[in-house]
Amino acid sequence: MEIKFNLDFNPTVTSQEKGVRVVGGYARFYTKPEVIRQKDLYSLKIRSEVHKQGRAIPQLKGTVKLKVEFGFATPERKKWGCLKATKPDNDNAVKLLIDVLADLGFFEVGDQQIAILEVTKRWSDKPSVWIDIREVSGELFRL
């Protein structure tokens, strides 16, 4: 099984952005409201894209390959298509997306099913997140 879709925005925060407050002399970490809003936006856009394809959210079984390409908007045409080597870090940018995919039920067991993860950041004319999720055979990459 495979599902592909494109979201027309970029993440503005990552799941690494935690808040901290001191209560009774102890540090308490919490999820910032902007991270919750980003997660809700991801969830809304993903559900909408899957629905547009006339599908239900699939529950992937077994080994999964996730390919994500972030397109970060820039007015500089000469940069369009070029790799982006500035913040956010790839691992931080994709973590929130993976959490949302897991919360929506894309994985039978959880995001530990992702055996292959490809993340690319590029400069683009408009913001986008391309997502390609597919089940792959466990034998495919055997040595």
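Modeller: Two strands pair if DSSP finds at least two bridges between them. Helices (H or I, at least four residues) and strands (E, at least two) are DSSP runs, numbered from the N terminus. This is a predicted model, in which local features need pLDDT of at least 70, side-chain atom pairs count only at pLDDT 80 or more, and totals for chains, interfaces and linings use all residues. Residues are numbered from 1 along each chain as its sequence is written, and side-chain values use heavy atoms, with hydrogens and water left out.

Colleague: What order do the strands of the open sheet have?

Modeller: The sheet has 4 strands with mixed pairing. β1 (2-7) and β5 (114-124) are its edge strands, each pairing on one side only. The order is β1-β6-β4-β5.

Colleague: Which strands does α1 touch where it packs on the sheet?

Modeller: Contact here means heavy atoms within 4.5 Å. The direction of α1 makes about 125° with that of β1. Packed on the sheet, α1 touches β1, β4 and β6.

Colleague: Why is α1 described as oblique to α2?

Modeller: The axes of helix α1 (residues 33-52) and helix α2 (residues 90-103) come within 10 Å and cross at roughly 55°. That makes α1 oblique to α2, because angles under 35 degrees count as roughly parallel, over 145 as roughly antiparallel, 65 to 115 as roughly perpendicular and the rest as oblique.

Colleague: How do the residues of that contact divide into nonpolar, polar and charged?

Modeller: α1 contributes Val35, Gln38, Lys39, Tyr42, Ser43 and Ile46, and α2 contributes Ala93, Leu96, Leu97, Asp99, Val100, Leu101 and Asp103. Ala, Val, Leu, Ile, Met, Phe, Trp, Tyr, Cys and Pro count as nonpolar, Asp, Glu, Lys and Arg as charged, and the others, Gly among them, as polar. The contact of α1 with α2 has 8 nonpolar, 2 polar and 3 charged residues.

Colleague: Is serine 43 buried or exposed?

Modeller: Serine 43 lies in helix α1 and touches Val100 and Leu104, not counting residues up to four places away in sequence. Buried means under 20% relative accessible area, exposed over 50%, partly exposed in between (1.4 Å probe, protein chains only). At 14% relative accessibility, serine 43 therefore counts as buried.

Colleague: And phenylalanine 29, buried or exposed?

Modeller: Phenylalanine 29 is in strand β3, where it is the bridge partner of valine 20. Leaving aside neighbours within four places in sequence, phenylalanine 29 is in contact with Gly19 and Val20. Its relative accessibility is 65%, so phenylalanine 29 counts as exposed.

Colleague: Which residue takes a positive phi in the hairpin of β2 and β3?

Modeller: Strand β2 (residues 18-23) and strand β3 (residues 26-31) pair in the antiparallel sense over 6 bridges. The hairpin has 2 residues between the strands. The residue with a positive phi, near 60°, is glycine 24.

Colleague: What pattern does the protein chain follow along the sequence?

Modeller: Its secondary structure comes to 2 helices and 6 strands. Read along the sequence, the pattern is β-β-β-α-β-α-β-β.

Technical notes
Axes fitted to C-alpha atoms, helices over the stretch in contact; angles between N-to-C directions.
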